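Good morning, and thank you for the time.

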Amino acid sequence: MEIIYNYTIQLIRYVLTGDKPELSETIDFETLYSFAESHGVENMVYAALTSLGVNVPKETMDKFEEANDMAIANEAMQALELEMIGERFEAEGIDYVPLKGSVIKYLYPDPSYRKSGDIDILIRPEDEKLIDQIMVKLGYERETEHDDHEVHFSYRKMPNIEVEVHRQLTRNEDRSAAFFRNPWEYVNLKDGYSHLYQMDNEYLYVYLLAHLCKHLYLGGAGIRLISDMYIMSGLKYDEAKLNEYLQKANLERLRQIVDSLCSCWFGDGTGKESVTEVLENIVLTGGSFGNKATEEALKVNDTYDGRVRILINKVFLSKKEMRHRYAALSDKNYPWIVMWCYRIYYLFKYKKWIMKQRMEETFSDMDRDKAMTELVTAIRDK
């Protein structure tokens, strides 16, 4: 899959920066499509393939084209729905702030490049009942399974419009929860409107980074959320204010790691660390919002000292495992310390080359585990 990963990143880099890639001639385009689709970037990949004139088999290219047409239609439909909802909120005196994809898509070369599964809006909690009445009148049905969700409640409208109305920006246990507790202190009324608010660049950047952080800790985040951070890096900032916000949100280290990955993918490649490779692997292998295996791996590194765990697993085996491996121990109930001493004696006397190999593997695993632990430290809940 390494070829597919690199090919996809080169195509997205071309769309976002204009840097013409040197593409491999041998590529499985069906696999490319499946991978791009799993990350919700198949429309950007299609745009690059078309612009570069890459010869893609017709059957696969038809899939890309259909996905691109769908992305254009969904973006237009979501924009119209948000405009209609906004008009009703303005008329009823309801303050609101568009969030995430509804905002950042306009920073992409084309708004349809930034796919979004729903429309996200922040409101004041005291307006929830009135909003519910408005949304029903607009043809939406409330998704009751989300009614107890601390962050948002949801609505659905046929054929495929979903709206998440946020009471707050983050979960209470998020590492940035304290900073985002009073978002209305950090938004400004948009010119020409009475109730439409928007975040300044610094607050929007830190919020999107916090959103990425949450998804990483819950199992991973896809290419799309990394490209969002790259897009955001092109805006002008008050660096003192941005650094203050990052510190208050406990996201300073994550910002460095994400910047390093953005540089590797879309920039000059400087600043790459071992933790950058860990983040890259999590992003590329997890799809749009990660997977259970990654979540469990992150939780293990968050709970135990990974280096100690590796040492225990490889040297100090369980009683059952040692009885299975060593006939001299199979019918005895020796204390663990005796069994471990026997194992170490046996390895040094008869298996020195295995010991050398195991030590090399352990140090390699320790390096990877250290990088994983560093990432977990940067994204874990409070």
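Strand S2, residues 119-123, pairs with strand S5, residues 161-166, in the parallel sense over four bridges. Within that pair, Asp120 stands opposite Glu164 of S5. Please note that this is a predicted model, in which local features need pLDDT of at least 70, side-chain atom pairs count only at pLDDT 80 or more, and totals for chains, interfaces and linings use all residues. Residues are numbered from 1 along each chain as its sequence is written, and side-chain values use heavy atoms, with hydrogens and water left out.

As to terms, helices (H or I, at least four residues) and strands (E, at least two) are DSSP runs numbered from the N terminus, and two strands pair if DSSP finds at least two bridges between them.

S2 and S5 belong to an open, mixed sheet of five strands, ordered S1-S2-S5-S4-S3. Strand S1 (96-99) and strand S3 (141-143) each have a single partner strand, so one side of each of these edge strands is left without a neighbour in the sheet. From one strand to the next, the twist averages 30°.

Which helices lie across S2? Helix H4, residues 58-92, lies across S1, S2, strand S4 (152-157) and S5, and runs at about 20° to S2. Helix H6, residues 128-137, lies across S2, S3, S4 and S5, at about 10° to S4. Contact here means heavy atoms within 4.5 Å; axes are lines fitted to C-alpha atoms, for helices over the stretch in contact, with angles from 0 to 180 degrees between N-to-C directions.

A pocket is an open set of points on a 1 Å grid over the protein atoms alone, where a 1.4 Å probe fits, with protein on both sides within 12 Å along at least five of seven lines; lining residues have an atom within 4 Å of a point. The lining comprises 23 residues, and Leu82, Pro98, Ser102, Lys190 and Leu196 lie nearest the centre.

Lastly, Glu185 is placed in the loop between S5 and strand S6 (187-189). Is Glu185 buried or exposed? At 61% relative accessibility, Glu185 counts as exposed, where buried means under 20% relative accessible area, exposed over 50%, and partly exposed in between, using a 1.4 Å probe and protein chains only.
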